[in-house]
Amino acid sequence: MQIRSIEKELRENAYPGRGIILGKSPDGKKAVAAYFIMGRSENSRNRIFVEDGEGIRTQAFDPAKLTDPSLIIYAPVRVLGNKTIVTNGDQTDTIYEGMDRQMTFEQSLRSREFEPDAPNYTPRISGIMHIENGSYNYAMSILKSNDGRPEGCCRYTFAYEKPAAGEGHFIHTYQCDGDPLPSFEGEPKRIAVENEIDAFTDLLWNSLNEENKVSLFVRYIDIASGNYETRIVNKNK
């Protein structure tokens, strides 16, 4: 699979929706994670990311304008021991609780499906990073409707053992803008990542559509020590 430019992927797509990137820095020392959200409605755009323990959560920027919190207020990132969970919905908690009971990433998601937001049926995208004894691997999942038919849920998991330095994988909810919004198709896209967290954060934020972007989270985790750096960028300030 060709390595794609994440800058090109984002600049040429006005509305990929919500997106997860997992990978490894070019020097091989850092596990890389990024998550962004976008919005077309006032309710979706009225959000910020805030730190919450070792993870983050979404929060209404202006509580007075919040109309329906059900699919927009959640914890996108939680940490369970040496595992970092990143998702686009409250399935973060489902994965956390399942893995805490010794279930696998895939087993934990069996109780969930795509979002009940007809006619889009937004896919649930999830990622898990596992760092232990200087080794690192990650997996990604997408739960989506069967070509827009809500009676069928298609479940895909992609696992990446010993990921290559300088590479990552990018999965997002929508192929592009539309009405209804078309779900992501195919495997997560193989992309290049940066060595330096601030450079990668700037690259991602500046490449997202100016009108639709809402918030961005980026984390670099030292594979040897488990120490991490986090960046959060919010359009609403």
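Let's start with an open sheet built from six strands, which line up in the order E11-E10-E1-E2-E12-E13 with antiparallel pairing. At the edges sit strand E11 (189-192) and strand E13 (228-234), each of which pairs on one side only. From one strand to the next, the twist averages 15°. Keep in mind as you look around that this is a predicted model.

Helix H5 (residues 197-207) packs on this sheet, where the helix touches E1, strand E2 (30-38), E11, E12 and E13. The direction of H5 makes about 160° with that of E12. Strand E12 (residues 213-222) runs antiparallel to E13, and seven bridges join the two. For one example, find leucine 216: its bridge partner in E13 is valine 233.

Now move to strand E1 (residues 19-24), where you will find lysine 24. Is lysine 24 buried or exposed? Its relative accessibility is 14%, and buried means under 20%, so lysine 24 counts as buried. Among the residues that lysine 24 touches are Lys30, Val32, Tyr136, Val193 and Ile223. Its side chain also reaches the backbone oxygen of proline 163, at 3.0 Å. Lysine 24 and isoleucine 221 are 197 residues apart in sequence, yet their C-alpha atoms are 9.4 Å apart in space.

For a contrast, look at alanine 159, in strand E9 (residues 149-161). This residue counts as exposed because its relative accessibility is 62%, and exposed means over 50%. Leaving aside neighbours within four places in sequence, alanine 159 is in contact with Tyr138 and Ala139.

Terms used: Residues numbered from 1 in each chain as written. Predicted model: local features only at pLDDT ≥ 70, side-chain atom pairs only at ≥ 80, totals over all residues. Heavy atoms only, no water. Helix = DSSP H or I, 4+ residues; strand = E, 2+ residues; numbered from the N terminus. Buried < 20%, exposed > 50% of the residue type's maximum accessible area, 1.4 Å probe, protein only. Contact = heavy atoms within 4.5 Å. Polar contact = N/O pair within 3.5 Å; in protein donor to acceptor, adjacent residues only side chain to side chain. Pairing = 2+ DSSP bridges. Axes fitted to C-alpha atoms, helices over the stretch in contact; angles between N-to-C directions.
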